[in-house]
Amino acid sequence: MAKDVIIALDFPNRERTMDFLSLFGGERPYVKIGMELFYAAGPEIVREISGRGHKVFLDLKLCDIPNTVRGAMRSLRGLGVDIINLHAFGSSAMMSAALEGLTEPDGSRHTKLIAVTILTSTGEETLHRELLIDAPLSEAVMRYAENARAAGLDGVVCSPLESAEVHTRCGADFLTVTPGVRFAGGEQGDQVRVTTPAKARALGSDYIVVGRPITGAADPAAAWRLCRSEFLGGEM
Ligand code: C5P
């Protein structure tokens, strides 16, 4: 069920990011911090943005041996972000270790963990000929989502077109966080399969991740409000 719009802060440094956020006045959109900004500005930028009252999805897509990912998640857990992610490709053992790293000594966990299934930049051709994965891409995506569910994760990053099937297989409460969203009649950029905010809502996405249609708009705050009203419908 539609929960919120997450703005992708794909900026190269702190200054550009803060200039952008200042356009929202007293409003505090849910934001995504990815590798570009995190590697340039470090954990401090996450603390600063959270401290201003924004919910944060930390999109670092971890993938390494279980022990290393457990330790990395332990290091990241103190940032107190709302959602963090990893690659399901790293295996169920790695996903379980990640959950352990995110869990506090008293057994509580404050950050949701979601998995990237198969990157939307990877097509059937690459999957079969280069990565030697014989299964159809859609089947591989669903299997990775089921692996994530079985490991105890909270959801996946997937295409809005896959949200309904993920919910059927993994349950209605298993989160689908979906990029590849464009306004009707807008630029597609490098996203191949796109849907509008209203279509993503109809398809059952829980969160949509929107970058350039908002960051590149003449009035980003107005574009964000429009996106929210289209996605959330009557639930705002
Ligand atoms: O600008 P745009 O709306 O295309 O931004 C989409 C955001 O979602 C980017 O930050 C991109 O890295 C991210 N993303 C994606 N496809 C995935 C995973 C993440 O577009 N499969």
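Is phenylalanine 11 buried or exposed? At 7% relative accessibility, phenylalanine 11 counts as buried, where buried means under 20% relative accessible area, exposed over 50% and partly exposed in between (1.4 Å probe, protein chains only).

## Basis of the model

The model is predicted: local features need pLDDT of at least 70, side-chain atom pairs count only at pLDDT 80 or more, and totals for chains, interfaces and linings use all residues. Residues are numbered from 1 along each chain as its sequence is written, and side-chain values use heavy atoms, with hydrogens and water left out.

## Aromatic pairs

A pair of aromatic rings is described by the distance of the centres and the angle of the planes. Rings of Phe, Tyr and Trp (its six-membered ring) pair if their centres lie within 6.5 Å; planes under 30 degrees apart count as stacked, over 60 as edge-to-face and the rest as tilted. The structure holds 5 such pairs. One of them joins phenylalanine 11 to phenylalanine 20 in a tilted arrangement, 5.1 Å centre to centre with 45 degrees between the planes. Phenylalanine 20 is buried, at a relative accessible area of 5%.

Phenylalanine 38 and tyrosine 39 form an edge-to-face pair, with 6.3 Å between centres and 65 degrees between planes. Phenylalanine 38 is buried at 11% relative accessibility, whereas tyrosine 39 is exposed at 61%. Ring pairs also link Phe11, Phe20, Phe24 and Trp224 into a cluster.

## Histidine 54

Histidine 54 is located in the loop between α3 (43-51) and β3 (56-62); helices (H or I, at least four residues) and strands (E, at least two) are DSSP runs, numbered from the N terminus. Its relative accessibility is 4%, so histidine 54 counts as buried. A polar atom of the histidine 54 side chain lies 2.7 Å from the backbone oxygen of proline 29. Apart from neighbours within four places in sequence, histidine 54 is in contact (heavy atoms within 4.5 Å) with Leu21, Glu27, Arg28, Pro29, Val31 and Ile49.

## Helix α5

Helix α5 spans residues 92-102, and its buried residues are Met94, Met95, Ala97, Ala98, Leu99, Gly101 and Leu102. These buried residues pack against β3, α4 (66-77), β4 (83-87), β5 (112-116) and α7 (137-151). At the start of α5, the backbone nitrogen of alanine 93 has a side-chain oxygen of serine 91 within 3.4 Å.

Methods
Polar contact = N/O pair within 3.5 Å; in protein donor to acceptor, adjacent residues only side chain to side chain.
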